[in-house]
Amino acid sequence: MPFTGKYIYGNSLIHQFNAQGKIIVFMILIFSTVFTNSFIGYILLFTILGMIIILSKFHLRVIFSSIRHIWKFFIVIFILNVLFFNGDTILFQWKFIQLTKEGIHHGITIIFNVFIILILGNIFTLTTELTEIINGLEALLMPLSHFKLPIEQAVLILTISFQFIPTLLQESDTIRKAQTARGADFENNHLHKKIMAAGALFIPVFIAAFKRADDLSIAMEARGFRDAKHRTKKRYSKISISEWITIIIFLLLFIIQIYI
């Protein structure tokens with residue numbers, strides 16, 4: 001059973017960390033991953049990732065559920081970077097395809113980056129409730145409201161979008177089973193039949209999504225909803241001193257990684 005994107009209740013330090021602080025740390029780690037280009041930098045990143053996994057108190061099967069089914073994607077990324085990345089040290093060349101030392105290094109780097117970001121994203125969603133994520137984003141983006149930007153409306157759209165994801169996944173699974181019963185072959189390797197089977201799945205899912213969105217808008221209007229700015233919500237605690245210290249430590253580590 002995949003756990004990607006689903007909150008799992010727990011009492012770990014990662015669970016208890018303020019959502020606003022978690023978002024900030026998550027963004028710092030993403031930037032650290034993107035800007036890392038040295039062996040020492042990746043050792044530091046994987047050490048931090050290992051500590052976060054231990055502190056989350058989740059089984060590795062749950063942590064790695066986000067990448068278990070996309071190993072083919074990693075292979076494709078690696079092959080594309082190895083064969084088509086320009087470099088000075090050419091190891092093999094045939095027509096327009098060339099194998100370079102720099103291409104192999106870049107392919108491995110991209111895989112490491114995607115792997116780390118996916119694991120971090122999975123831990124973030126596993127340890128943070130959706131309402132906490134939305135309220136944390138709203139609190140962090142609130143200063144932009146001084147520039148007349150519709151922060152509340154944008155957060156409301158994000159909230160509805162996130163809440164629709166499990167519903168659409170369940171809907172697509174139901175439609176897939178129904179279309180399979182009607183003769184659709186989703187396992188066929190022939191390109192034409194794959195496209196036909198994909199159309200038999202995606203078109204009904206899009207229609208169902210638009211229908212649910214229309215029903216939701218009618219329900220919100222019937223309940224008198226007019227503006228997201230004045231809606232009531234639970235107020236969460238602010239970032240504590242210890243959490244600010246943690247954020248500063250991660251920020252310092254990010255600065256160190258830039259100069260490694």
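This is a predicted model: local features need pLDDT of at least 70, side-chain atom pairs count only at pLDDT 80 or more; totals for chains, interfaces and linings use all residues.

Reader: What percentage of the residues of the chain count as buried?

Author: A residue counts as buried when its relative accessible area is under 20%. The chain has 260 residues, and the part of them that counts as buried is 33%.

Reader: Of the contacts in the chain with a separation of 6 or more, what percentage comes from residues 24 or more positions apart?

Author: The set considered holds the contacts with a separation of 6 or more. Within that set, residues 24 or more positions apart account for 70%.

Reader: Are helix 2 and helix 10 roughly parallel or roughly antiparallel to each other?

Author: Helix 2 covers residues 19-35, and helix 10 covers residues 241-259. Their axes lie 10 Å apart and pack at an angle of about 10 degrees. Angles under 35 degrees count as roughly parallel. Helix 2 and helix 10 are therefore roughly parallel.

Reader: Which residues of helix 10 make the contact with helix 2, and how many charged residues does the contact have?

Author: Helix 2 contributes G21, I24, V25, I28, L29, F31, S32 and F35. From helix 10 come I247, F250, L251, F254 and Q257. By class, the contact of helix 2 with helix 10 has 10 nonpolar residues and three polar ones, and the number of charged residues is none.

Reader: S32 belongs to that contact. With which side chain does the side chain of S32 make a polar contact?

Author: S32 lies in helix 2 and is buried, because its relative accessible area is 3%. Its side chain reaches the backbone oxygen of I28 at 2.8 Å. Not counting residues up to four places away in sequence, S32 touches L45, F254 and Q257. The side-chain partner in the polar contact, at 3.4 Å, is Q257.

Reader: Are helix 3 and helix 10 roughly parallel or roughly antiparallel to each other?

Author: Helix 3 spans residues 39-56, and its axis is 10 Å from that of helix 10. The two helices pack at an angle of about 160 degrees. Angles over 145 degrees count as roughly antiparallel. Helix 3 and helix 10 are therefore roughly antiparallel.

Reader: Is the crossing of helix 3 and helix 10 left-handed or right-handed, and which residues of helix 10 meet helix 3?

Author: The crossing of helix 3 and helix 10 is left-handed. On the helix 3 side, the meeting residues are G41, L44, L45 and I48. By class, the contact of helix 3 with helix 10 has five nonpolar, two polar and no charged residues.

Reader: The side chain of S38 reaches the backbone nitrogen of which residue?

Author: S38 is found in the loop between helix 2 and helix 3. S38 counts as buried because its relative accessibility is 17%, where the limit is under 20%. At 3.1 Å, its side chain reaches the backbone nitrogen of G41.

Reader: Is K57 buried or exposed?

Author: K57 is found in the loop between helix 3 and helix 4. K57 has a positive phi of about 60 degrees, although K57 is not a glycine. With a relative accessible area of 61%, and a cut-off of over 50%, K57 is therefore exposed.

Reader: What distance separates the C-alpha atoms of K238 and Q20?

Author: K238 lies in the loop between helix 9 and helix 10, and counts as exposed because its relative accessibility is 75%. Leaving aside neighbours within four places in sequence, K238 is in contact with N18 and E243. K238 and Q20 are 218 residues apart along the chain, and their C-alpha atoms are separated by 8.0 Å.

Reader: Which residues are in contact with I151, leaving aside its neighbours within four places in sequence?

Author: I151 has its place in helix 8, which covers residues 151-181. I151 is buried, because its relative accessible area is 6%. E138 is 13 residues away along the chain, with 6.9 Å between the two C-alpha atoms. The residues in contact with I151 are E138, L141, M142, L144 and S145.

Methods. Residues are numbered from 1 along each chain as its sequence is written. Side-chain values use heavy atoms; hydrogens and water are left out. Axes are lines fitted to C-alpha atoms, for helices over the stretch in contact, and angles run from 0 to 180 degrees between N-to-C directions. Helices (H or I, at least four residues) and strands (E, at least two) are DSSP runs, numbered from the N terminus. Angles under 35 degrees count as roughly parallel, over 145 as roughly antiparallel, 65 to 115 as roughly perpendicular and the rest as oblique. A crossing is left-handed if the near helix is turned anticlockwise from the far one by less than a right angle, and right-handed if clockwise. Contact means heavy atoms within 4.5 Å. Ala, Val, Leu, Ile, Met, Phe, Trp, Tyr, Cys and Pro count as nonpolar, Asp, Glu, Lys and Arg as charged, and the others, Gly among them, as polar. Buried means under 20% relative accessible area, exposed over 50%, partly exposed in between (1.4 Å probe, protein chains only). A polar contact is a pair of N or O atoms within 3.5 Å; within protein, one must be able to donate a hydrogen and the other to accept it, and residues adjacent in sequence count only if both atoms are side-chain atoms.
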